[in-house]
Structures are given as C-alpha cells and as structure tokens.
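Student: Could you take a close look at the open sheet in this model, and at what surrounds it? I would like one connected account, starting from a strand elsewhere in the chain.

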Amino acid sequence: MRRVVLGDISANADPERRIVLGILRDITETSRAEADSRMLQGLTLAASEAPNLPSAFEVVLQRVCRSNGWTGGAAWLPRPNDDVLECNVLWTGDAAESARVRPLCDAVFAAGDGVLGRAWSSKMPLWVPDLVVQAGCSRSSAASRLGIH
C-alpha cells in the first residue's frame, strides 16, 4: 500500500552544535479522503451534464471503473411498471468486451432472487469476491464460461 507523508526538517544556526529536527506525519487517509471528494465532485458534475439517466450512469460507471482499474461495470435499475431489476447500462473498456459479457446482463431479478435481488430487497450492499463460486447466484455458470470471477 502506498503511503503519503508530509515532512518538515529544520536545523539550528549554531555551527558548534548542529541539531537537525525532522518530523514526518502520515497523511494517507487525508489524501485519500481528498481524492475521494474530488472524484465525487467530478462524478456529480458529469452526471448533472448528461442528457438522460442512462448517459449519467454510463459516465459514472466509466469513471469509477477506470479509477479503480476495473474492466467494466453495470447499473441495474427497477423496470418501470414491473417488480424486477434489469441491466440498464453496461460499460466496458471496449466493444468486444461488452459483447462478450453482455450475457451476464440478460437476466432480470425479482426482489430476493440472486445476488442482485437480495441486495435490492435488503437495501444493503453485498460484496461478492467471486461470482463463479457465489452460492445462490443464477449467473455463476455464465460467469465461469466467460472467465469472469
């Protein structure tokens, strides 16, 4: 993990007795919080300039994925007049990758069904470290075939 430190070094003016004092302070968390704040401000501005909701999701997904080194992301929203989640926006770095992973976005999820449905019904985030081995995930076999973990 990369650490960010702020340092201050001073020396006295006495040539007979040279004293150097150095102070280092770890400002990693402050630096990270400032970067997160800048990211959030940028996302808010970009989303507010988007012509519609799918465009706003696309720009947010693109920026978040790129800043975290992720190859793609998806925004799932409730389908109007229906009680299911559907993939509204899929973003990947290139068109070939988007076509390759599109099958993972073909399903819809009712509240409580699958990982997405469980997160939706609980209104709490779920962290899934490996979709392939996730219990109760209807997309595990498709993710395995695609090499997505």
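**The sheet and its surroundings**

Tutor: Leu21 is found in strand E2, which covers residues 20-26. Everything said here refers to a predicted model. Leu21 counts as partly exposed, because its relative accessibility is 49%, and a residue has to be over 50% to count as exposed. Leaving aside residues up to four places away in sequence, Leu21 touches Asp8, Ile9 and Ser10. Ser10 is 11 residues from Leu21 along the chain, yet the two C-alpha atoms are separated by 5.4 Å.

Now to the sheet. The open sheet has three strands in the order E3-E4-E5, and their pairing is antiparallel. Its edge strands are E3 (72-78) and E5, each of which pairs on one side only. In general, the strands of a sheet pair through backbone hydrogen bonds, and the pairing may be parallel or antiparallel. E3 is joined to strand E4 (residues 84-92) by seven bridges, with the two strands running antiparallel. As one point of reference along this pairing, Gly73 has Trp91 in E4 as its bridge partner. Helix H2, made of residues 53-68, lies across E3 and E4 and runs at about 55 degrees to E4.

The structure holds one aromatic pair. It is formed by Trp76 and Phe109, and it counts as edge-to-face because the ring planes stand at 65 degrees, with the ring centres 5.5 Å apart. Trp76 belongs to strand E3 and Phe109 to strand E5, so this pair links distant parts of the chain, 33 residues apart. Both Trp76 and Phe109 are buried.

In helix H4, which spans residues 114-122, the buried residues are Gly114, Val115 and Gly117. They line one face of the helix, because they fall within an arc of 165 degrees when seen down the axis of H4. After H4 comes Lys123, with a positive phi near 55 degrees. Lys123 is placed in the loop between H4 and helix H5 (140-146). Lys123 counts as exposed because its relative accessibility is 70%.

Back at the sheet, the loop between E3 and E4 contains Asn81. Asn81 is not a glycine, but its phi is positive, about 60 degrees. Most residues other than glycine have a negative phi. Lys123 is another residue other than glycine with a positive phi. With a relative accessibility of 85%, Asn81 counts as exposed.

Charged side chains come next. Three salt bridges are found in a search of the whole structure. Arg79, Asp82 and Glu86 are linked in a network of salt bridges. In the bridge between Arg79 and Asp82, the closest N and O atoms are 3.3 Å apart. In the bridge between Glu86 and Arg79, the corresponding distance is 3.1 Å.

The remaining salt bridge joins the side chains of Arg100 and Glu97, at 3.0 Å from N to O. Both residues lie in helix H3 (residues 95-101), three residues apart, which is about one turn of the helix. An α-helix has 3.6 residues a turn, so residues three or four places apart point the same way. Glu97 counts as buried, because its relative accessibility is 18%, whereas Arg100, at 34%, counts as partly exposed.

Note on methods
Residues are numbered from 1 along each chain as its sequence is written. This is a predicted model: local features need pLDDT of at least 70, side-chain atom pairs count only at pLDDT 80 or more; totals for chains, interfaces and linings use all residues. Side-chain values use heavy atoms; hydrogens and water are left out. Helices (H or I, at least four residues) and strands (E, at least two) are DSSP runs, numbered from the N terminus. Buried means under 20% relative accessible area, exposed over 50%, partly exposed in between (1.4 Å probe, protein chains only). Contact means heavy atoms within 4.5 Å. A salt bridge is a side-chain nitrogen of Lys or Arg within 4 Å of a carboxyl oxygen of Asp or Glu. The arc is that of the directions from the helix axis to the C-beta atoms. Two strands pair if DSSP finds at least two bridges between them. Axes are lines fitted to C-alpha atoms, for helices over the stretch in contact, and angles run from 0 to 180 degrees between N-to-C directions. Rings of Phe, Tyr and Trp (its six-membered ring) pair if their centres lie within 6.5 Å; planes under 30 degrees apart count as stacked, over 60 as edge-to-face and the rest as tilted.
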